[in-house]
Amino acid sequence: KACNASRACDSFAWHSEQIEDWATQCYGILGNEWSTAAEDGIVSGRGPHSEGGAYVFGAGGNQGSDGNDEAAEWFIEGIIDELDAPNEYFYDAETQLLYLMFNGTGTPASEIVVPSLANLFDISGTQSSPVRNVTIEGLTITENRPTFMEPRGTPSGGDWALERQGAIRVEGSESTAIKNCLFTRLDTNAISINGYNRHAVVDKNEFVWLGQNAITSWGRADKNDGRSGNVPLYSRITNNLAHEIGHIQKQSSFYFQAETALATIENNIVFNIPRAAINFNDGFGGGAEVAHNLLFNTCRESGDHGAFNSWDRLPYITTINDGSPSTVPKRNNVHNNFIVANYAADGGCLDNDDGSSYYDIHHNFCMYGGHKQNFDGHSKRSFGNIHVHPQVYGTKCIDEEAEGWGFGTSGPLGLPPKGYAEEYTDNICILPKAGDPYLVSQGGDLQDRTDFVNGMVSRNNTIYIPGGDAESVVTVGQRRVSFAEFQKLGFDTASKLIPGSPSTEQITSWAEELLGLQRGAATIFI
């Protein structure tokens, strides 16, 4: 049996893996296949059932690019047995009766509105004949239907799958502006930008209580060739407020982009979301500017992620970097952001994952974030940042992984080859306790300084650690030394280690100066 276009699923289930993992999949359950066995101490819908029940899935599992057939934590909806809390409802398709658990006193309203549209506005043109100069301003946009079970595609080499739908859907446009709107109580994406778009503006909007993403941007490259131009370029995502989103689909973000380049994401405030606030699914074209954003309380329902996340597994041919066809993108510029990588953002403030390359990351104030390189990522330059109690899959300022070593795709000793070095320079890194490492590099050899510094450049950093050098740790390959020993071997000689920790007042002062805040405007809790 299967549910499809001619045989509907009678109910839906949302599947998230455990908090340490990725939280992506949704499934349709076939009718008459659900049973809830009675258990001592468990009230239906009020606690975790651990016994009984057989579930037969007929659709779904395609909400992530790699799929999943395993289970951990579950959220079930569309089951009449679970109708036991205010504002819940159940629709019986056979009897055409709607059951509502009324949240109030007296008689419920005689009329109930059920959304039937996914796209409330559809701005649709083509690359050769674009729609121009449309502005949507000052509206409350609410109540569209969910689309998480509808056909999806894999936008590019990252982890996401996505449907091209949203309350406002845009494709084939120039100078579309969406400003001063409230997006609330939407079951799908708020804004979906697709294919050819130039100079789209999303400014001064609020996004709250969304089922999926606030903004998605997904081009239409020809496989890994982006020279046709059928992609979003020069979008400006500015001055928005986003919170309480991703209630249905947990693999969601405030802003997601794939096959998109030269975007500006600036002056946004994002918090209380299940996964990354900003997600780049690939390195297509580059040239993004991510600046002056405040991101916190991200990754509240998932892990193996950061407040900002990127992947770069598939090279694209574009002309964006210097006008000539190349797989080398223009550098992304990430600067002057205030990021708190709390909850399960264990990849840190900026989780440059799986080959992410060509980033300048500078003058950011990061609580629980350091520098990350893995799976042959390269050419990222971190400088001028303040990393307070750094966290990159464990406490450390610099995390250098060497997954490409065994496949022969990395440079010598598992680090990037000469000309593609990772750089960590002119940063302040404040380690929380004695024995926390400054640098952990799976690759490299302390007896081979030349190949190490060709792949990893570190200099002019200031490292604070309680206990001073006697409690400092640097690990390269399988060898563990103190910071002083590391410097005696000729590494990182221009950096300095300071025993103890700076005061909260000092850290706050640094943050205010770095972020351009007025004196006394920032409050930092350490």
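Modeller: Buried means under 20% relative accessible area. In this predicted model, Y464 and W510 are both buried.

Colleague: What lets you call Y464 and W510 buried?

Modeller: The cut-off is under 20% relative accessible area. Y464 and W510 both count as buried, so each falls under 20%.

Colleague: How many aromatic pairs does the structure hold?

Modeller: There are 14.

Colleague: Take F308 and Y359. Why is this pair called edge-to-face?

Modeller: Check the distance, then the angle. The ring centres are 6.2 Å apart, and the limit for a pair is within 6.5 Å. The planes stand at 75°, and over 60 degrees counts as edge-to-face. So the pair is edge-to-face.

Colleague: Which parts of the chain does the pair link?

Modeller: Distant ones. F308 belongs to strand β27 (residues 308-310) and Y359 to strand β31 (residues 359-362). The two residues are 51 residues apart. Both F308 and Y359 are buried.

Colleague: Why is the pair of Y464 and W510 called tilted?

Modeller: Their centres lie 6.1 Å apart, and a pair needs centres within 6.5 Å. The planes are at 45°. Stacked needs under 30 degrees and edge-to-face over 60; the rest are tilted. So this pair is tilted.

Colleague: What makes you say that this pair ties together separate parts of the sequence?

Modeller: Y464 sits in strand β41 (residues 462-465) and W510 in helix α3 (residues 504-515), so the pair joins parts 46 residues apart in sequence.

Colleague: How do you know that the charged end of R164 sits over the ring of W218?

Modeller: The charged end of R164 is 3.6 Å from the ring centre. The limit is within 6 Å, and within 35 degrees of the ring normal.

Colleague: What makes β28 and β31 a pair of strands?

Modeller: Bridges. Strand β28 (residues 332-335) and β31 share 4 of them, and pairing takes at least two. So they pair, and they run parallel. V334 stands opposite I361 in β31. Another 4 bridges join β31 to strand β34 (residues 380-383), also parallel. There, I361 stands opposite S382.

Colleague: Which way do the side chains of β31 point?

Modeller: Y359 and I361 point one way, D360 and H362 the other. All are buried. In a regular strand, side chains alternate between the two faces of the sheet.

Definitions and conventions. Residues numbered from 1 in each chain as written. Predicted model: local features only at pLDDT ≥ 70, side-chain atom pairs only at ≥ 80, totals over all residues. Heavy atoms only, no water. Phe/Tyr/Trp six-rings, centres within 6.5 Å; stacked < 30°, edge-to-face > 60°. Buried < 20%, exposed > 50% of the residue type's maximum accessible area, 1.4 Å probe, protein only.
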